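Here is my note on the structure shown below, written as numbered points. Please keep the sequence and the model side by side while reading.

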Amino acid sequence: MTSVLIAVLVLALLGIAYSQGVSRSRLLAGQTRLHSRPQYHGALVALWAVLPLLVLLLVWLLASGMAQDWYIASQLPVEILPGTTEYASAAARLRNIASGFGVAGEAAEWEATAGAALAQFNTVLMLAIVALGAVLGVVGMLYMRSRLTARTRARNHVEAFIKAALIFCSVVAILTTVGIVVSLVTETVRFFTFVSPFEFFFGTVWNPGYSTTSNEASGSYGMLPLLVGTVMISLIAMLVALPVGLMSAIWLTQYANPKLRNAIKPVIEILAGIPTIVYGFFALVTVGPALSGLGDVLGFGINATSALTAGIVMGIMIIPFISSLSDDIIRQVPRTMRDGSLGLGATKAETIRMVIVPAALPGIVGAILLAVSRAIGETMIVVLAAGNAPILRFDPTEPTSTFTVTIVTALTGDADFASPQSLVAFALGLTLFVITLLLNIGALAIVRKYREQYE
Amino acid sequence: MNATNNSGPMGGNRIVPSAPASAASAVSRISAKDVTVHYGEKQAIFGVSMEVPEKSVTAFIGPSGCGKSTFLRCFNRMNDTIEGCKVGGKITIDGEDIYDPSLDVVELRARVGMVFQKPNPFPKSIYDNIAYGPRIHGLVKNKAETDELVESSLKKAGLWKEVHDRLDAPGTGLSGGQQQRLCIARTIATGPEVILMDEPCSALDPIATSIVEDLIHELKEQYTIIIVTHSMQQAARVSQKTAFFHLGKLIEYGETEQIFVNPKEKQTEAYITGRIG
């Protein structure tokens with residue numbers, strides 16, 4: 001309701017101010033040559049109308065909590081002292097009543113009244129802000145409109161605003177990244193107050209003891225079993241995806257006739273569009289039992305949920321990734337190079353093996369590293385298909401576990417959030433982040449080097 | 001255009017060929033009869049017939065898109081690599097039909113080498129660039145033989161002095177003119193009888209061009225060379241016979257001197273004097 005009101009207000013101001021600016025500018029144009037075209041004058045007036053409103057709303061967003069706190073303080077009975085847990089829970093109850101969530105148990109009579117008053121206070125405050133914003137907007141519009149002259153450098157001002165808006169968006173993206181890293185790091189540091197980094201990085205037993213809810217570090221937090229599981233599954237995935245993906249790319253670029261390629265490429269790329277949870281089903285329902293049956297026939301046991309199942313299905317998921325990246329890279333190898341080899345009497349296969357693939361190799365390595373970081377970060381397939389058994393062993397036919405699965409387990413349990421059982425998720429997340437980051441940096445460096453080669 | 005030739009190229013000035021015309025009277029070894037080329041529905045070459053003499057340089061000239069490169073690529077069947085390209089008619093080399101279904105195209109391309117418009121060394125060392133062809137065709141048995149062949153090929157291409165101390169350096173690191181001579185050396189190394197050159201100097205500066213032209217002069221003692229060129233001066237300087245193509249048709253074919261001094265066809269004269277092209 002409120003947001004609709006604000007949106008309508010902003011749009012109305014934009015429209016009115018723009019047309020005001022344009023009409024004023026047309027009027028000026030009659031007398032002398034304009035510095036900027038009328039659209040720019042319109043846009044400038046519109047900016048002056050809307051920016052004050054937006055700034056006000058931003059300030060309100062940050063300050064409304066404080067205003068509420070101040071109002072609640074005036075409503076609570078004096079017996080409840082500020083700073084106590086009693087005070088905090090009473091304040092939270094009032095907020096919930098005011099926002100219409102309701103509270104546990106019956107609300108006391110004073111609570112109901114105070115809650116209703118708080119709701120009213122919020123509404124009035126909000127309306128006041130919107131009204132103030134509207135006034136500011138109109139004032140801004142009128143001010144700018146009256147200042148418009150033929151020589152107003154509206155184009156330059158609008159360009160400067162666009163640049164500022166772009167910078168603002170980039171800063172938001174960068175700050176978000178920084179924020180995520182900082183929160184990961186601080187929580188990881190908190191985790192390391194419970195468990196020593198040495199034990200975490202080099203421990204071979206993973207058993208955090210989720211059953212206990214104490215804040216003491218009662219279990220073992222060695223991440224090596226998870227690292228081995230992650231590496232093993234990624235390795236199996238790459239063993240499946242690399243040959244299939246690369247060879248399909250070679251066939252598509254070098255052998256398939258264009259009509260066939262145009263029909264087949266989308267089909268391969270559909271694989272990339274399948275949600276990973278669906279691959280998870282596929283692993284659980286089809287591949288796992290099939291592998292287990294195959295194991296029975298061959299005479300050795302393969303668990304239906306195992307590193308092998310998860311790895312194979314993950315490999316299938318990655319095939320289009322490798323195939324389509326390699327396809328692009330192989331296509332970038334100049335045709336003249338291929339012609340040179342064919343012109344010397346090399347066969348197609350010799351040309352591919354000795355000229356095209358070596359020339360594309362750095363790019364292909366980059367693609368592989370990107371695919372590996374994708375495999376390492378993959379969660380849903382592993383949750384469903386790997387059996388979640390964080391035990392250090394190197395047998396791919398047994399259930400295993402990975403970083404991502406363990407993070408899910410750690411955060412979805414009912415352990416206290418401040419307990420090491422939950423905090424370990426951040427340490428694992430940070431480790432995963434660093435591994436993926438290094439892989440991506442390596443991949444980008446290689447891909448960039450490759451690009452320079454032909455320019 | 002070139003420091004060695006100051007005669008005005010256009011506006012009626014005749015260009016006098018530098019090579020003696022007598023060299024072109026050798027026996028013909030390549031023969032084309034009624035050759036047609038289609039790219040899909042579009043016809044690019046219309047019934048071209050010619051005899052190319054042995055151990056001499058034959059130049060194909062004509063305006064862009066006239067089909068001269070397409071026709072050149074018929075002689076080593078490089079047109080096979082282009083989707084939808086169909087070649088008709090008959091081309092024989094030493095009496096052997098090169099479009100015969102039983103002919104091995106790999107063997108043909110070892111006999112008929114090709115140098116491309118843009119220097120295209122492989123992203124390998126200079127040594128490996130030269131050794132590439134001999135290795136795939138099994139022409140060399142051991143390191144010593146390969147070394148010898150690499151050296152002799154580079155010497156024939158006039159590149160040995162410049163690169164003998166850095167054979168392990170990447171071929172892509174050479175200058176444009178050196179790269180083109182590397183590509184010529186690479187072609188020579190497979191021991192061809194015919195060398196096709198598709199505008200080999202169009203990406204080179206005048207000095208590198210003149211070096212490559214001198215090289216072509218020397219090479220014709222051993223090889224039959226067909227060169228496609230945009231530059232009429234170049235055709236006049238390096239070739240003994242010249243063929244003028246226009247719109248996919250062979251307009252005139254004869255001794256280079258005759259083509260440039262006394263063209264029989266009006267279109268040839270118009271092209272040479274700069275009125276079409």
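1. I begin with a glycine in chain B. G88(B) touches D34(B), V35(B) and T36(B), leaving aside residues up to four places away in sequence, where contact means heavy atoms within 4.5 Å. G88(B) lies in strand β4 (residues 85-93) of chain B, and K141(B), 53 residues apart from G88(B) in sequence, is 39 Å apart from G88(B) in space, C-alpha to C-alpha. Strands (E, at least two residues) and helices (H or I, at least four) are DSSP runs, numbered from the N terminus.

2. A word on the basis of these values: this is a predicted model, in which local features need pLDDT of at least 70 and side-chain atom pairs count only at pLDDT 80 or more, while totals for chains, interfaces and linings use all residues. Residues are numbered from 1 along each chain as its sequence is written, chains are lettered from A and ligands numbered from 1 in the order in which they are written, and side-chain values use heavy atoms, with hydrogens and water left out.

3. How do chain B and chain A meet? There are 23 residues of chain B in contact with 22 residues of chain A, and the area buried between the two chains is about 1,700 Å², of which carbon and sulfur atoms give 64%. Buried area is the accessible area (1.4 Å probe) that two parts lose on being put together, summed over both. P123(B), Y132(B) and I136(B) supply 28% of the area that chain B buries against chain A, more than any other three residues.

4. Across the interface of chain B and chain A, the rule finds zero salt bridges, a salt bridge being a side-chain nitrogen of Lys or Arg within 4 Å of a carboxyl oxygen of Asp or Glu.

5. Within chain A, helix α2 (residues 38-75) and helix α5 (residues 154-194) pack at an angle of about 50 degrees, with their axes 8 Å apart; axes are lines fitted to C-alpha atoms, for helices over the stretch in contact, and angles run from 0 to 180 degrees between N-to-C directions. α2(A) is therefore oblique to α5(A), since angles under 35 degrees count as roughly parallel, over 145 as roughly antiparallel, 65 to 115 as roughly perpendicular and the rest as oblique.

6. Which residues of α2(A) and α5(A) meet? Y40(A), H41(A), A43(A), L44(A), L47(A) and L51(A) in α2(A) meet A154(A), R155(A), H157(A), V158(A), E159(A) and F161(A) in α5(A).
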